Amino acid sequence: MDSIQQAAIKKKSFELNYNGGTIWCEHLDGMGASEDEVLAKFAEDKRLFSRPSVSSFMIIDLDKTEITGQIVRTITDAVMESKKVFRKIVFVGVEKHWQKQIGVINKKGIAVRFIDDYEKAKEWVISEKYGF
């Protein structure tokens, strides 16, 4: 594992105040093929973003991380089984062939989008013009 991947693993996910709203920014980006680390980080962060006081708007950044079936199942199961109500989730860095599988979470009434630009993702997730 190179130093860039090590830095990505240590990068903290957090709540961001943005444009009059708050977004949970789940940073799983830059982790390469480190599936175990992605899953462990997500499991740890899940305890944080599942709290009722945390924003129901979320960005899940997977850019420069090798997405696997297990990562997709872990993320979709966490959202689908959560008691927390998510309003909008935008995924960054997800290849087309994974989008349909991840998109099933919209069945829970969550607005879901796939956007490759992080700044545009922040705009979409907090913008009222796209609806809830």
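**Entry 1. A buried aspartate**

I began with Asp29, which is buried at a relative accessible area of 14%. I use "buried" for under 20% relative accessible area, "exposed" for over 50%, and "partly exposed" for values in between, with a 1.4 Å probe and protein chains only. The model is a predicted one, in which local features need pLDDT of at least 70 and side-chain atom pairs count only at pLDDT 80 or more, while totals for chains, interfaces and linings use all residues. Residues are numbered from 1 along each chain as its sequence is written, and side-chain values use heavy atoms, with hydrogens and water left out.

**Entry 2. The partner of Asp29**

I asked which residue forms a salt bridge with Asp29. The partner is Lys11, and the closest N and O atoms are 3.6 Å apart. Asp29 lies in the loop between β2 (21–27) and α2 (35–49), and Lys11 in the loop between α1 (3–10) and β1 (14–18), so the pair ties together parts 18 residues apart in sequence. I counted a salt bridge where a side-chain nitrogen of Lys or Arg lies within 4 Å of a carboxyl oxygen of Asp or Glu. Lys11 is partly exposed, at 35% relative accessibility.

**Entry 3. Further salt bridges**

I searched the whole structure and found four salt bridges. One of them joins the side chains of Asp45 and Lys41, at 3.1 Å from N to O. These two residues are four apart in helix α2, and therefore about one helical turn separates them. Asp45 is buried at 6%, and Lys41 is buried at 8%.

Another joins Lys64 and Asp63, at 3.7 Å from N to O. Here Lys64 is exposed at 66%, whereas Asp63 is partly exposed at 32%.

I then looked up where Ile67 sits, and found its place in the loop between β3 (57–61) and α3 (69–81). Is Ile67 buried or exposed? Ile67 is buried, with a relative accessible area of 11%. Leaving aside neighbours within four places in sequence, I listed its contacts (heavy atoms within 4.5 Å). They are Leu62, Val72, Gly93, Val94 and Trp98. I also noted that the C-alpha atoms of Ile67 and Phe57, 10 residues apart along the chain, are separated by 22 Å.

**Entry 4. Helices and strands**

I counted five helices and five strands in the protein chain. Helices (H or I, at least four residues) and strands (E, at least two) are DSSP runs, numbered from the N terminus. Along the sequence their pattern is α-β-β-α-β-α-β-α-β-α.

How many bridges join β4 (residues 88–92) to β5 (residues 111–114)? Four bridges join these strands, which run parallel; two strands pair if DSSP finds at least two bridges between them. Together with helix α4 (residues 96–102), β4 and β5 make a right-handed β-α-β unit. Right-handed means that, with the strands pointing away from the viewer, the path from the first strand over the helix to the second runs clockwise.

**Entry 5. The whole chain**

I noted that 50% of the 132 residues count as buried. The C-alpha trace spans about 40 × 30 × 25 Å along its principal axes. Residues 24 or more positions apart account for 69% of the contacts with a separation of 6 or more.
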